[in-house]
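Reader: Hi, I'm new to this one. Could you walk me through it?

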Amino acid sequence: QGAVVVEASTGVEIKGNYIGVGLNADHAVTNGGHGILIAHSTNILVGGDWPSYHNTIAGSAGDGIHVTGGSAESPVSIIGNIVGLRTTNGHVMGNAGHGLFLDNAPCVAVGGATDYSGNTIGWCGGWGVLITGAVSQANTLRFNKIGTDRDALNSATNGRGGVAVWNAPANRIGEENAGNYMAGNNGPGVAIFGEGSASNSVINNYIGLGQNANLTLPNIGSG
């Protein structure tokens, strides 16, 4: 089910790991399932503000990070991770599924309070971020690079698109002074589907644009 599995647990921190890649992230060591699977757990931290806390997650046959269930009172935080990457010698190591899948998971913080705490999600076969289900509400995406490299200078294409919300209400994709880059994807930058997707907000993001909107990294599809 996953290289790292957290199930029915609380107070777990996952920091500073190479998951699905070799030491120094220079080659893939493929996982048969998800890179990280978090199921019905509370108060979970994946990554953190300090660079040494960031996880590198690639080479998974499933999703990079998959979260299902949880609690609005003690939610999951996913901070500063690299999900899919291109190595310094140009080798691409993605995840076959989605970069991050929130499946009926509420109040997940994807990215933190500063630009350095955002996640970089690229080279995944599915969506960069997929949010589904009526329980998946009040999730926040801030300061993430979805479909670009960490500096938002080059494309790191996700196969389906950047961010998708499917029958999930009241999620926040970007906030004032805390937007995301959703660019360079093989599909829409943002897509919101289904009658259950009421009251979602998309604010202050760079869609189809790179660093500080100074270059174009178009998505293939609608914005």
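**Starting at Thr140**

Author: Let's begin with the contacts of Thr140: leaving out residues up to four places away in sequence, Thr140 touches Val108, Ala109, Val110, Arg172 and Glu175. Contact here means heavy atoms within 4.5 Å. Before going on, note that this is a predicted model, where local features need pLDDT of at least 70, side-chain atom pairs count only at pLDDT 80 or more, and totals for chains, interfaces and linings use all residues. Residues are numbered from 1 along each chain as its sequence is written, and side-chain values use heavy atoms, with hydrogens and water left out.

Reader: Ok, is Thr140 buried or exposed?

Author: Thr140 counts as buried, because its relative accessibility is 9%. Buried means under 20% relative accessible area, exposed means over 50%, and partly exposed is in between, using a 1.4 Å probe and protein chains only.

Reader: And which strand is Thr140 in?

Author: Thr140 is in strand β16, residues 140-141. Strands are DSSP runs of E with at least two residues, helices are runs of H or I with at least four, and both are numbered from the N terminus.

Reader: What stands opposite Thr140?

Author: Ala109 does. Strand β13, residues 109-110, is joined to β16 by 2 bridges, and the two run parallel. Two strands pair if DSSP finds at least two bridges between them.

Reader: What's the order of strands in the sheet?

Author: The open sheet has 7 strands, ordered β2-β5-β8-β13-β16-β19-β22, with parallel pairing. At the edges are β2 (13-14) and β22 (201-202), each pairing on one side only.

Reader: How many helices and strands are there in the protein chain?

Author: The protein chain has 0 helices and 23 strands.

Reader: Switching topic: how many salt bridges are there?

Author: The count comes to 4, where a salt bridge is a side-chain nitrogen of Lys or Arg within 4 Å of a carboxyl oxygen of Asp or Glu. One of them joins Arg142 and Glu175, with the closest N and O atoms 3.5 Å apart. That pair links distant parts of the chain: Arg142 is in the loop between β16 and β17 (145-146), while Glu175 is in the loop between β19 (172-173) and β20 (181-182), 33 residues apart.

Reader: Which residue does Glu13 form a salt bridge with?

Author: Glu13 pairs with Lys15, and their closest N and O atoms are 2.9 Å apart. Glu13 counts as exposed at 52% relative accessibility, whereas Lys15 counts as partly exposed at 28%.

Reader: Which ring face does Lys15 lie over?

Author: The face of Tyr53, at 4.0 Å from the ring centre. A charge sits over a ring if NZ of Lys or CZ of Arg is within 6 Å of the ring centre and within 35 degrees of the ring normal.

Reader: Rings, then. How many aromatic pairs are there?

Author: There are 2 aromatic pairs. Trp166 and Phe193 form a tilted one, 5.5 Å centre to centre with 50° between the planes. Trp166 lies in strand β18 (residues 161-166) and Phe193 in strand β21 (residues 190-193), so the pair ties together parts that are 27 residues apart in sequence. Rings of Phe, Tyr and Trp (its six-membered ring) pair if their centres lie within 6.5 Å; planes under 30 degrees apart count as stacked, over 60 as edge-to-face and the rest as tilted.

Reader: Is Trp166 buried, exposed or partly exposed?

Author: Trp166 is partly exposed, with a relative accessible area of 44%. Phe193 counts as partly exposed as well, at 34%. In the stacked pair, Tyr181 and Tyr206 are 4.5 Å centre to centre with 10° between the planes. This pair also links distant parts of the chain: Tyr181 is in strand β20 and Tyr206 in strand β23 (residues 206-207), 25 residues apart.

Reader: Last one: how much of the protein chain is buried?

Author: Buried residues make up 54% of the 223 residues.
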